Amino acid sequence: MEDQNYILFEAYLANELPKEEVAEFENRLKTDAEFSQAFNTYKELSAFLQHEFENEETSAAFKTNLKKISSEHFSKNTVAEEMVKPKARKLNFYKYAIAACVVLLFGIFMFNQFSTPTYSDYNDYGAISLSVRGENDALLKKAETAFNNKNFAEAEAGFAKLLNSDSNNTELKLYRAISNIELNHFETADGLLEEIRSGNSAYKNKATWYLALSKLKQKETEACLEILQTLPEDADDFNRAQKLMDKLD
Amino acid sequence: MGEKKIHEDQKYIDGLLKNNSFIIQAIYDNFVPKVVNYIKQNSGDADKAQDVVQDTLITIYNQASQKKLKLTCPFDAYFFLLCKRKWLNELKKSSNKEVTINEEVLSKDDDAQELAFETSVFGEKQALFAEMFAQLGDACKDLLKATFKIKSMEEVAKSLGVTYAYARKKKSLCIGKLTELVQGSPKFNQLKN
């Protein structure tokens, strides 16, 4: 292919060809197979390079995050597997005994590791479905979807906006608070939850429970325990709260 | 493809695109174990599986971001087919055979098959393009990087100390050179569909 053709491709893609030449160019694409194939490859390469260099940083961030999650996932599973089938062949009794002790100690160690409760053991709220209240439908739907997809930054923005026009909506406040716990914006989250707790809505107990979880995530065990103790017996999360208290003690 | 209904699992694609850790985690929890099992049963191990899964997710990410990938089938089937395909290709490569793409009979009415095929061709093209780009001379590489990063050709010309017209012409010729490298590679002819 001649250099002139590539210069032509570039001008065409940049919309810089004069009108008469565009028609001529497009006609040539239809009739000249070699020309048209070279053009398609040129166009694909342009798109590839554009994407490659324009999004270099976002792509790199994605890859780093992916690698992290991937190695966590795989190291977890290898440990589990090796514990299930220890590779012991010609070991005599004593070696077995020593191995058993090591496994036992390791087991106890792992058990203790895993039995320390963390916030992520409890943030298993299911998909939410918000009641429709009129003019803010689209925004509501957007916030709801963001929340359900665990895109909490977007959910938070949505809930904050909705609350501007509907400032007494306790349900929205609760979900906004949960989004903020997820985002580690504890001040906002705790403020909202305290507000719901001191009120008399149906979400009062939920707010108490999540306030406790927020403290758990902030590693404030004392505060977490204190709040859990205030949860009345008829609360939905009473049993879970009791179990959590046992583990924390 | 336009009239086909987008599957609700599009959320996984969107989640990857937004680098959403919860979604990525969910993919690993829900869909990866099946792939690992498959690879282990077919002369691979966990390490190989880890690489295949990672590469596949990067390919999906790239296609989503560059070509606005729309999922018209369950993510599970799509993802599994892609990983399987990638693994079979790896096996073929390591046994020194030519990698041919079209040997599987594709039932074209199957959305998952079709979409997985598209994505894997996309992924192989990307790899080929990157490989050929690496073969360009440094002058071309630098100019192209600058062109696509800075966007304004005037600024590119200024930063490289050349005239606008020259930078413009150079850009066309560098992509032209790349076009020739790509078209001249045997892999390219296998990928053409």
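Predicted model: local features only at pLDDT ≥ 70, side-chain atom pairs only at ≥ 80, totals over all residues.
Student: Helices (H or I, at least four residues) and strands (E, at least two) are DSSP runs, numbered from the N terminus. How many helices and strands does chain A have?

Tutor: Chain A has 12 helices and zero strands. Residues are numbered from 1 along each chain as its sequence is written, with chains lettered from A and ligands numbered from 1 in the order in which they are written.

Student: OK. How much of chain A is buried?

Tutor: Of its 249 residues, 37% count as buried. Buried means under 20% relative accessible area, with a 1.4 Å probe and protein chains only.

Student: Zoom in on α10(A). Why is it called largely enclosed?

Tutor: Because 10 of its 14 residues are buried, the rest of the structure largely encloses α10(A). Trp209(A), Tyr210(A) and Leu213(A) are among the buried ones.

Student: Which helices do those buried residues pack against?

Tutor: They pack against α8 (170-182), α9 (186-198), α11 (221-229) and α12 (238-248) of chain A. Contact means heavy atoms within 4.5 Å.

Student: And what follows α10(A)?

Tutor: Lys219(A), with a positive phi, near 60 degrees.

Student: New topic: chain B. At what angle do α5 and α6 pack?

Tutor: About 45 degrees, with the axes 9 Å apart. Axes are lines fitted to C-alpha atoms, for helices over the stretch in contact, and angles run from 0 to 180 degrees between N-to-C directions. That makes α5(B) oblique to α6(B). Under 35 degrees is roughly parallel, over 145 roughly antiparallel, 65 to 115 roughly perpendicular, and the rest oblique.

Student: Which residues of α5(B) meet α6(B)?

Tutor: Ala77(B), Tyr78(B), Leu81(B), Leu82(B), Arg85(B) and Asn89(B). By class, the α5(B)–α6(B) contact has eight nonpolar, four polar and two charged residues. Ala, Val, Leu, Ile, Met, Phe, Trp, Tyr, Cys and Pro count as nonpolar, Asp, Glu, Lys and Arg as charged, and the others, Gly among them, as polar.

Student: Now between chains. How do α3(A) and α9(B) cross?

Tutor: They cross at roughly 110 degrees, and their axes come within 9 Å. So α3(A) and α9(B) are roughly perpendicular.

Student: Which residues make that contact?

Tutor: Tyr42(A) and Leu45(A) of α3(A) are among them, as are Ile175(B) and Leu178(B) of α9(B). The contact of α3(A) with α9(B) divides into seven nonpolar, seven polar and one charged.

Technical notes
Heavy atoms only, no water. Buried < 20%, exposed > 50% of the residue type's maximum accessible area, 1.4 Å probe, protein only.
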